[in-house]
Amino acid sequence: FVAESVWCLKKDLEGLGSGLEIRVGRVGDVLKQVLEGYKEKSDAEVTGVWMTSEEGVEERREERDVKRIMNQEGMEFRLWTDEKYFIDENAQLTVVFSRDLPFTNPSDLPDIFTSFRKTVEPLREAPRRTLLTPAKGTLPPLPPSVPPQAAPFTIPSTLSEIIEALHKPLDKDLDLEDAPKMPPNTTSVMPFHGGSQAGRNRTHALITNGSMSGYKDTRNGLLGTDFSTKLSAWLALGCITARQIHWDLVDFEDGKTALGASAPGYGDGENKGTAAVRFELLWRDYMRLCTRNFRQRLFHVEGFRDDSAAQWKYVSSPYSASSTSAKGSGDARTRHVLQRFLCGTTGTGLIDASQRELFLTGYTSNRARQNVASFLAKHLGIDWRLGAEWYETCLVDFDVSSNWGNWQYVAGVGNDPRGQSRVFNPVKQAVDYDAGGEYVRAWVPELRDVGRPIGGGSTTTTAGSATTTTTTTTAGGGSAAAAGSTTPAAPRHSTSKTGSTRPPAPPSYDPHTSPESLMGVFQAWRLPSEERRRLSLSGVEWVLDPLVRIDFSVNRRGGGSAKRGFGSRGRGGGGGGGGGTKADRKGRGKGKGGRGSWRGGDVVGATAEAEAEADAGGMDREGS
């Protein structure tokens, strides 16, 4: 996706009479090589370097490196504000914080998203106009000659060669001990290509087919291409901008153009779906502004809240510097648990399906992302940054601020006003949002035939929420009980492509009449022994020994104190280690670890977007 996007930019610039040179190496090293190359040429010279500003720690370090080099050479250096966001920004390096935000300093940013949102509402009137596309011939052409790529690298001449070169140094399994394999008859919900034209086409298709207007009602889906916008990958790379999306929606809402003329809501003004899309776009802005405000704290285990009370379980090499502390005695167990989490063999269906989908396709839904983050941080008590770094490794829509900011949010150390008290129950979430268990069955093929004839197809079902009581037991002792939500939920609809239509399920497992029958899909340890034998699951570790056992029963009322999954067992029980993920990432996290990112599973590529609204209305909604 990245290669396609860069190649598209190259072709776009060439079409305007300009061009793009691609280089391999650190930004500072490449710049030095280019400058030295032009010192030997008489047909061209370098007078200055312009860059687009970024917020991440590593990105800002690159900007400083370039500025230092240009100052040494006595040449101009200019940093331009990025224009791809929803609310206009003007000058992160001047006294004025923004042209369109009522702040004079980054530290004035509200700590809660809802408070921030109220300062810029109404959102439909907030964004500035988009910039015009340059006309052909208005951009300068490339110089007659350009210094070549420095050895030992060479620059491929075609897109396919670039993709091959990018993949060549990578281990196909990313060092996983038991990497997932693509399930039969299952396809990615993110089958799109990179590039500005592809992003614009996607935006227009969503408006035309009514998905934008229906977004608020469908955004928590798990299967299919149109339940969410999936514009986050294009937004993260700048292929399209938030303002382009906004003004396309305005044209649709006002009926100004033919775009979406046959879709519901055309010419009727802003509707709840298009308003929700703008909400998500603003969430991306907020996460970026949080990065500007908190800087390196984006990668600190204590988070924006500077929360040092919670003790996390860490791992040592290869994920971070080896521990010499006595607390490191549990590292082997934590590493094994982490490997199972990354491979999607935790024994919790929704988590495993999402982790396998992520590894195999580079995408997983926002609803699933929040559950995965909560599971690692609050059920397993493991350093949340390991999950954030894994997402950075895998996500096609990775955005540094959205990813790391949203992992903090769900881990309870970020901007969530509920902090540590917000814990997702992945079983109840599966019951609410994975009708018939079709999502889990699609990505965990071992469970595809639970309650169904071997080798049959799939069914399409709907499911609602129910009053529940749950008890969580972790592999390591302790439990946490939490009363389920009693808020009724609208039916959700999910489908999966898993083969031909399946014969009617046995009555005892029929998901249409017995939600309890799905418990074996959502937690395989609950499968009866005869069903495990029938499915050849009798000796499978994640079936017999799940990382977490959640004693969940549909429509069973009960009490119990709402405790986090690290109360009696302790989040740092087997801790130790230096934290973080890779030794070479130490600059990201206060010398403790690496970086990762997310909240981009949708139009905004944000994560806890609607969660941020919970502080205002107590709503039980967390996804984009």
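This is a short tour of a predicted protein model, one selection at a time.

**Start with the whole chain.** Show the protein chain as a cartoon, and you will be looking at 21 helices and seven strands. The chain has 624 residues, and buried residues make up 55% of them. Now think about which parts touch: among contacts between residues at least 6 apart in sequence, 76% join residues at least 24 apart.

**Next, select helices α4 and α10.** These are residues 113-120 and residues 272-294, and their axes come within 11 Å, crossing at roughly 110°. An angle from 65 to 115 degrees counts as roughly perpendicular, so that word describes α4 and α10. Their crossing is right-handed.

Helix α15 covers residues 400-411. The axes of α10 and α15 come within 9 Å and cross at roughly 85°, which makes this pair roughly perpendicular. On the α10 side, pick out Trp 283, Arg 284, Met 287, Arg 288 and Thr 291; they meet Ser 401, Ser 402, Gly 405, Asn 406 and Tyr 409 of α15. The classes here are three nonpolar, five polar and two charged residues.

**Move on to Gln 420.** You will find Gln 420 in the loop between α15 and α16. Is Gln 420 buried or exposed? Its relative accessibility is 19%, so Gln 420 counts as buried, the cut-off being under 20%. Its side chain makes a polar contact with the side chain of Asp 307, at 2.6 Å.

Most residues other than glycine have a negative phi, and most peptide bonds are trans. Select Glu 121 and Pro 122: a cis peptide bond joins them, with omega about 0°. Another cis bond links Ala 151 and Pro 152, with omega about 10°. Pro 122 sits in the loop between α4 and α5, and Pro 152 is in the loop between α4 and α5 too.

**Finish with Asp 175 and Lys 230.** Asp 175, in the loop between α5 and α6, has a positive phi of about 65°. Lys 230, in the loop between α7 and α8, has a positive phi of about 60°. Color by accessibility here: Asp 175 is exposed at 64% relative accessible area, whereas Lys 230 is buried at 0%.

Methods
Residues are numbered from 1 along each chain as its sequence is written. This is a predicted model: local features need pLDDT of at least 70, side-chain atom pairs count only at pLDDT 80 or more; totals for chains, interfaces and linings use all residues. Side-chain values use heavy atoms; hydrogens and water are left out. Axes are lines fitted to C-alpha atoms, for helices over the stretch in contact, and angles run from 0 to 180 degrees between N-to-C directions. Helices (H or I, at least four residues) and strands (E, at least two) are DSSP runs, numbered from the N terminus. Angles under 35 degrees count as roughly parallel, over 145 as roughly antiparallel, 65 to 115 as roughly perpendicular and the rest as oblique. A crossing is left-handed if the near helix is turned anticlockwise from the far one by less than a right angle, and right-handed if clockwise. Buried means under 20% relative accessible area, exposed over 50%, partly exposed in between (1.4 Å probe, protein chains only). A polar contact is a pair of N or O atoms within 3.5 Å; within protein, one must be able to donate a hydrogen and the other to accept it, and residues adjacent in sequence count only if both atoms are side-chain atoms. Contact means heavy atoms within 4.5 Å. Ala, Val, Leu, Ile, Met, Phe, Trp, Tyr, Cys and Pro count as nonpolar, Asp, Glu, Lys and Arg as charged, and the others, Gly among them, as polar.
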